[in-house]
Amino acid sequence: MLKGSEERVALIGSGNWGSAIAKIIGNNVKSLRGYHEEVRMWVYEEVVDGENLTDIINKRHENVKYLPGIQLPSNVVAVPDLVEACKGATLLVFVVPHQFLKQSCERLRGKLEPGARAVSLIKGLQFTADGPQLVSQQISDTLGIDCAALMGANVAVDVAREQFCEATLGYENEATAKPFQDVFETDYFKVTMVRDVVGVELCGALKNVVAIGAGFVDGLKLGGNTKAAIIRIGLVELWKFIHVYRPNSQQQTVLESCGVGDVIVSSYEGRNRRVAEAFVVSGKSFDELERELLNGQKLQGVHTANGVYDYLKKNDLLERFPLFDTLHAIIHREIPPKELFAKFKRGSRDPFSSA
């Protein structure tokens, strides 16, 4: 807590995951000493059935577009202006699609409460000429504040329905992370802290790429054995990518909810798996399917797969990542989905052998 003041939480984003986590935070702050009871949530203004979405949320306490049927606490207040939503906030929860992060941070630059800290719930990566840039790093660099990362096997609607699950809170500065654990953790939402923000965040981004592979398996009407193979190979390549990008990351991070847990659930549920399956079945492009199936939400997996491919190619590492290479080729229709397993047949080298 900031000395001599109370903590105040603001959410930047209000999709299904943002709304689900707002429910948790709104309920928690009411019973935490030293926390302001009002939780502001920035909502990108949309009109739903002739009414502003912010007005609907504030009157009905429900995000009818992105998390219908779930009641939000009355102390969660939807605000259409980003700067106003964050005014006075000491704890910032970033949960916007990663494509909109840069513009959000630029609007907040120089307008935050002194001593504010942040956490990213955004499962994606930004890519520059030098390679991947973590979302937490971009937030820290742009706003000049500490930023942790919360990732895990967290399907938003299941969390909102209070079904037990776990999440991993990656941090570099424990004093930054602890207040976020306090506002996030409940009896049904277990939060484990790990001093490895890089590993936690990379797991959260790369699992979307593995989920695309799982979706291709489903689109090809193949069974559990095949999906298990894709999950295993995907986990190996995920771990290897983290090791390449940041050799000092903790290997055990992949065994946390942000790693194994999130890869498993994303390979059976979630938007990346669903759209990848439709890609195989329908023959439509990922852009078309995103518009048709996601109700305004964004697909992170394709963007991440493209950036990962470019990074690996630039560093002459594609041979060590046959699954990531193959997924990129299928996404861009360079090979058909049925060739998903071509690099893993008899006589091929197991991905672990080149770890």
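This is a predicted model: local features need pLDDT of at least 70, side-chain atom pairs count only at pLDDT 80 or more; totals for chains, interfaces and linings use all residues.
Me: How does the lining of the largest pocket divide by class?
Reply: The lining of the largest pocket has 19 nonpolar, 18 polar and 13 charged residues.

Me: What is the volume of the largest pocket?
Reply: The volume of the largest pocket is about 1,300 Å³. Its lining counts 50 residues. Closest to the centre are Gly15, Asn16, Arg271, Gln297 and Lys298.

Me: Now the second largest pocket. What is its volume, about?
Reply: The second largest pocket has a volume of about 210 Å³. It is lined by 15 residues, and the closest to its centre are Ser136, Ser140, Cys147, Glu172 and Val197.

Me: Which elements each supply at least two residues of that lining, that of the second largest pocket?
Reply: Helix H5 (135–143), strand E10 (147–151) and H8. H5 gives the most, three residues. By class, the lining of the second largest pocket divides into seven nonpolar, five polar and three charged.

Me: A pocket is open. A cavity is a space from which the probe cannot get out. How many cavities of 30 Å³ or more are counted?
Reply: The count is one cavity. The largest cavity holds about 40 Å³ of space. Its lining is made of Trp239, Ile242, His243, Pro247, Ser249, Gln250, Gln251 and Val254. By class, that lining has four nonpolar, four polar and no charged residues.

Me: Why is H8 described as largely enclosed by the rest of the structure?
Reply: Because 23 of the 23 residues of H8 are buried. Buried means under 20% relative accessible area. Then look past the end of the helix. Just after H8, Lys221 takes a positive phi of about 60°.

Me: Let us turn to the sheet. In what order do the strands stand?
Reply: The order is E5-E2-E1-E6-E7-E10-E11-E12, eight strands in an open sheet with mixed pairing. The edge strands are strand E5 (76–79) and strand E12 (189–194), and each pairs on one side only. From one strand to the next, the twist averages 25°.

Me: How do I read the pairing of E6 with E7?
Reply: Count the bridges and note the direction. Strand E6 (residues 91–94) and strand E7 (residues 117–120) are joined by four bridges and run parallel. Within this pair, Val93 has Val119 as its bridge partner in E7.

Me: What joins E6 to E1?
Reply: Strand E1 (residues 9–12) and E6 pair in the parallel sense over four bridges. Ile12 is partnered by Phe94 in E6. Val9 is partnered by Leu91 in E6.

Me: And how many bridges join E1 to E2?
Reply: Three bridges join E1 to strand E2 (residues 39–42), and the two run parallel. Here Ile12 stands opposite Trp42 in E2.

Me: How do I read the two faces of a strand?
Reply: In a regular strand the side chains alternate between the two faces of the sheet. Take E1. Val9 and Leu11 lie on one side, Ala10 and Ile12 on the other, and all are buried. Both faces of E1 are therefore covered. Now take E6. Leu91 and Val93 on one side and Leu92 and Phe94 on the other are all buried, and both faces are covered.

How values were computed: Residues are numbered from 1 along each chain as its sequence is written. Side-chain values use heavy atoms; hydrogens and water are left out. On a 1 Å grid over the protein atoms alone, a cavity is a set of points where a 1.4 Å probe fits but cannot get out, and a pocket is an open set with protein on both sides within 12 Å along at least five of seven lines; lining residues have an atom within 4 Å of a point. Grid points are joined across faces, edges and corners, and a volume is the space filled by probe spheres set on the points. Ala, Val, Leu, Ile, Met, Phe, Trp, Tyr, Cys and Pro count as nonpolar, Asp, Glu, Lys and Arg as charged, and the others, Gly among them, as polar. Buried means under 20% relative accessible area, exposed over 50%, partly exposed in between (1.4 Å probe, protein chains only). Two strands pair if DSSP finds at least two bridges between them. Axes are lines fitted to C-alpha atoms, for helices over the stretch in contact, and angles run from 0 to 180 degrees between N-to-C directions.
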